[in-house]
Amino acid sequence: MASSSSKKVCVVGAGVSGLVSARELRREGHDVTVMEQSGGIGGQWLYDPRTDAGDPLGVAGAQSSIYASLRLNTPRETTSLSDFPFFPTNDGTGGDARRYPLHGEFLSYIRDFCGAFGLMDAVRLNTKVLHVGPLAPCGRGRGHDGAVTRWMVRWSRHGDCEGQVVTAEEVFDAVVVAVGQNTQPRLPTINGMDKWSRRQLHSHSYRSPDSFDDQVVVVVGCHPSGTDIALELCTVAREVHISVKSMDAAAVVPGMRRAVSRHDNLHLHLQIDCLCEDGQVMFADGSCVVADSIIYCTGYDFSFPFLDTGGLVTVDDNRVGPLFEHTFPPSLSFVGVPRMVVVPRFYEAQARWVAQVLSGRRPPLPPEEEMLRAAEYHHRAREEAGVPRRQSHNIFFDVDYMDEFGAKHCGFPRLPEWKKELLRSSVARLRDATESYRDDYRDSGLVREGLQAQGWLTGRPPPPPDTRVENES
């Protein structure tokens with residue numbers, strides 16, 4: 001039931017971060033509307049076999065970047081909410097019970113979560129947010145200190161009649177931006193890229209290896225999507241050449257080096273020096289190949305084209321800010337910006353903090369000047385440690401930081417020790433056994449005890465705890 005501290009809140013996006021935000025906001029008595037531009041919930045996990053609508057280096061087509069064979073690269077036991085385990089489906093629908101299942105299994109989990117907490121009545125599908133800005137540049141809609149207290153949201157939706165588009169504006173007390181990270185392709189700048197006449201695409205537009213049969217393919221980038229796609233392609237392509245910025249262990253993990261040694265048609269090169277009109281790809285190490293296709297597995301840029309904050313929030317080389325603890329400027333909040341965190345758990349902690357600040361359960365945020373200083377200090381410390389600006393929101397699976405974040409800001413339960421060990425061992429296996437880590441693993445005694453205690457070995461969870469501020473054990 002709404003209380004005197006209830007706020008009218010707009011959540012932009014019905015992916016994982018948007019849905020956990022809706023759940024936490026409702027728990028605090030807020031009036032929640034989730035606006036989702038696609039025809040279903042799930043965000044990136046809503047697989048779309050369409051790719052790019054003729055724009056293989058952009059986002060003219062599908063919003064999802066999921067390819068057909070994609071499997072989770074974190075264990076399902078840690079890839080779940082604090083009070084809603086990601087157990088295998090046992091309903092006879094042909095789910096994927098593996099520890100690292102296909103993407104469709106996680107989409108089913110998201111849908112089950114949405115149904116279990118009755119969130120669909122808060123979601124408006126096929127509703128695209130066009131503009132989010134302060135209700136007024138000054139005066140009405142702002143507090144006495146000039147902070148924005150109300151927001152105008154303009155949206156559009158396809159109407160009941162074919163071709164009809166309905167556009168409207170609504171006023172909200174707060175907005176949660178939860179649009180995800182993997183939509184706007186990030187592309188390198190390479191000499192000759194604009195003149196290279198053969199096939200070029202970003203991994204955003206990759207779906208299956210079928211169209212690369214017997215081709216010579218260059219894959220740019222050796223992070224998880226690059227390694228997955230390269231290993232899949234080498235089963236059908238004549239040659240696969242992986243281009244990396246350097247050959248050190250940070251750029252090419254030991255497991256990928258072993259994979260290259262095992263596959264005669266898989267090769268490593270330094271980054272591309274230039275592309276030639278005749279199809280040649282020249283690498284910085286002096287080698288050269290004539291390629292049929294290039295796939296840029298070079299990541300994504302944050303993009304919030306609907307936001308009009310008058311400079312309150314900007315994106316500079318993938319640094320969103322200034323954001324206090326990766327989450328707040330006042331009355332506007334972001335859930336889902338941090339990378340390399342335990343998903344969706346960390347976003348659940350962010351969402352709970354946002355919801356409790358808005359309801360008054362948690363102390364008010366610090367003064368704006370203090371939040372700005374904290375954000376600047378964080379970024380300066382990261383830069384001094386040698387972390388590139390574009391990685392400002394990378395947490396690097398620092399479980400201690402994640403635990404402290406949740407405990408400090410919203411009394412969120414800490415990650416159990418067995419899950420920490422499982423996560424660390426999984427990250428290590430990904431690096432050391434890149435081809436086999438999803439199917440070849442051995443759990444420690446601590447992990448097996450945790451699996452048993454939490455019902456993973458039987459498929460039956462223990463009785464549910466009080467989900468307000470439960471302590472997971």
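**Close-up views: a helix pair and salt bridges**

**View 1. Helix H7 passes helix H8 in a right-handed crossing.** The model is predicted: local features need pLDDT of at least 70, side-chain atom pairs count only at pLDDT 80 or more, and totals for chains, interfaces and linings use all residues. Residues are numbered from 1 along each chain as its sequence is written, and side-chain values use heavy atoms, without hydrogens and water. H7 covers residues 399-410 and H8 residues 417-432. Helices (H or I, at least four residues) and strands (E, at least two) are DSSP runs, numbered from the N terminus. The two helices pack at an angle of about 140 degrees, with axes 11 Å apart. Axes are lines fitted to C-alpha atoms, for helices over the stretch in contact, and angles run from 0 to 180 degrees between N-to-C directions. H7 and H8 are therefore oblique to each other. The classes are roughly parallel (under 35 degrees), roughly antiparallel (over 145), roughly perpendicular (65 to 115) and oblique (the rest).

**View 2. Residues at the contact of H7 with H8.** H7 contributes Val-399, Asp-400 and Asp-403. H8 contributes Lys-420, Leu-423 and Arg-424. Contact means heavy atoms within 4.5 Å. Two of the contact residues are nonpolar, none polar and four charged.

**View 3. Asp-48 forms a salt bridge with Arg-50.** The closest N and O atoms are 2.6 Å apart. A salt bridge is a side-chain nitrogen of Lys or Arg within 4 Å of a carboxyl oxygen of Asp or Glu. By this rule the count comes to 33. Asp-48 counts as buried, at 16% relative accessibility. Arg-50 counts as exposed, at 56%. Buried means under 20% relative accessible area, exposed over 50%, and partly exposed in between (1.4 Å probe, protein chains only).

**View 4. Glu-77 and Arg-99 meet in a salt bridge.** The N to O distance is 3.1 Å. Both residues sit in the loop between strand E2 (31-35) and helix H2 (103-116), 22 residues apart. Glu-77 and Arg-99 are both buried.

**View 5. Asp-228 and Arg-438 meet in a salt bridge.** The N to O distance is 3.0 Å. This pair links distant parts of the chain, 210 residues apart. Asp-228 lies in helix H3 (residues 224-233), and Arg-438 in the loop between H8 and helix H9 (445-453). Asp-228 and Arg-438 are both buried.

**View 6. A network of salt bridges.** The linked residues are Arg-23, Glu-24, Arg-27, Asp-83, Glu-348 and Arg-352.

Note on methods. Left-handed = near helix turned anticlockwise from the far one by under 90°. Nonpolar A, V, L, I, M, F, W, Y, C, P; charged D, E, K, R; others polar.
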